[in-house]
Amino acid sequence: MKDSSWRGDFPLLRNRADLVYLDNAATTQKPTVVLDALARYYGCTNANVHRGAHRLSDEATAAFEAARETLARRINARSSREVLWTRGTTEAINLVAGSYGPLAVGDGDRILITEMEHHSNIVPWQQLCQRTGAVLRAVRVLPSGELDRDDFDARLEEQPRIVSISHVSNALGTVNDLPTLIGRAKSAGAVVVVDGAQAVAHFDIDVAALDCDFYAFSGHKMYGPTGIGVLYGREELLDAMPPWQCGGEMIERVRIEETTFAPLPFKFEAGTPDISGAIALAAAVDYLDRQDGNAVATHEAGLLAYATSSLNQVEGLRIVGTASAKGPVVSFLFEDAHPHDVGTLLDQQGVAVRTGHHCAMPLMDALGIPGTVRASFSLYNCLEDVDKLCQAVRTAKSML
Amino acid sequence: MTLAASATSLDDIRSTFGFFDSWQDKYAFLIDIGKALAPLPAAYRVDDNLVRGCQSQVWLVPRFDGDRLKLAIDSDAHIVRGLIAIVLAAYDNRSPRQILDFDIEGLFDELDLMGHLSPTRGNGLRAMVGKVHSIAREHTDS
């Protein structure tokens, strides 16, 4: 536990040996197998997919669709038709709001989110409300960083058509009790969207067991490349939804008068997709699948516990977000120091953290703080990284 | 009401920075001169006075005294206040012409400032400089 047995799998950590990388909630580093998958694809298989005119294209298509199967297995989707490639979580949520949204809500209908959402799970719904006259409501967050369950239940009585919640808070690490929340939301008749961006690297996701209708996540936060992500959607809903972007790949037959669209999942994938990204993301999933999930979870929980207790010993430091269930994220503040000042001084000492509002301004407003310093951990971090963080924090504190 | 004037002169900043070779000393000095700045009264810390492009909140209030631009700038972050002290030392109580003629990039190079700032922080500093320049340009004939 002093070290991480996974560290050697990540070339960047070797190439930047002095760096203490604790910004994993923003993006994770990539294992060698992912870099190799990208190089192998462009070196051996690169061709456009679904054109079928030659062998190379067939191979690229096979690898691309095998990647979709890998992702479908990883999240336990019923079929790979329910797995849409997107650029990431943001685009996935925009797709739901843009295509499903107008089918689901009209004037006066409620859409329910929470105060802890990332802006990408707020602004698309605001825009949908502006277009349709629907009304956006947000469940309150308690000072602990947990959802106010009474407020959640009260908001459900307004019978929202859509409930969109994060699985894990990016700013605080709070893990929401999805089985309960989804159960109640569905009983109230809502369609449930989950922002899983911060969950996929740390937890096994089972969309069937969760019984959510949509689940969005990004590849680059789970050791895959940037620019590729997934929207899982329940097949009946996806079937009923109109195309979102239009062009090549998503059509069956185009006449000037009328177009018929391709079946799922291609209806939602206009244009040449991120083929290499999808294949490399599948390599990242294979990498995760090969690890002992319990060992990873224990290691990350150990980092969280050690960081929490170590930082709590720094006088004047306050951890923001004290939920009983948390991902490996510690957000904190000094009473009298601006988080940006702390972040700058940590950066000078080779410790990479995120500072500021973490794209969750409503959450910061609700907690009455300008932002936080956020250290977020991954399987390749070790106890020594936490010690270096705490040492750098003490130095910063002495200077401010 | 008199708004804050620059507390530290350019000569002081130049000579003191020259003594430092560690990042820690430079930052400690930045934090010190930032703390020495008189804070902007709350009434001026409003959205209309915010400088766009800064990661931290930076409020800038310009005022002309004859042909001289009097600047009051403040931030909620100490290190940014230190950078503000440098900007004020270079620009406060100068004419628009003097401001536009002053080689601020040269000063930043001389202090080796950008090398010690994250790109985001550096962009914020440039946003501040850009704001002062645009005010100066509005008040220059030609």
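Good morning. Chain A carries 36 positive and 50 negative side chains, and 2 Å separate the centres of the two sets. Lys and Arg are counted as positive, Asp and Glu as negative, while His and the chain ends are left out; each charge is placed at NZ of Lys, CZ of Arg, CG of Asp or CD of Glu.

This is a predicted model, in which local features need pLDDT of at least 70 and side-chain atom pairs pLDDT 80 or more, whereas totals for chains, interfaces and linings use all residues. Residues are numbered from 1 along each chain as its sequence is written, chains are lettered from A, and side-chain values use heavy atoms, without hydrogens and water.

Let me turn to the overall form. The C-alpha trace of chain A spans about 70 × 55 × 35 Å along its principal axes. Of the 400 residues in chain A, 57% are buried, that is, under 20% relative accessible area with a 1.4 Å probe, protein chains only.

How is chain A divided into domains? Domain 1 comprises 7-22 + 292-399, and domain 2 comprises 34-289; these bounds come from an automatic or database domain assignment. The centres of domain 1 and domain 2 of chain A, taken over C-alpha atoms, lie 28 Å apart. Between them, 30 residues of domain 1 of chain A are in contact with 25 residues of domain 2 of chain A, contact being heavy atoms within 4.5 Å.

Finally, contacts along the sequence. Among contacts in chain A between residues at least 6 apart in sequence, 69% link residues at least 24 apart. Thank you.

How values were computed:
Buried < 20%, exposed > 50% of the residue type's maximum accessible area, 1.4 Å probe, protein only.
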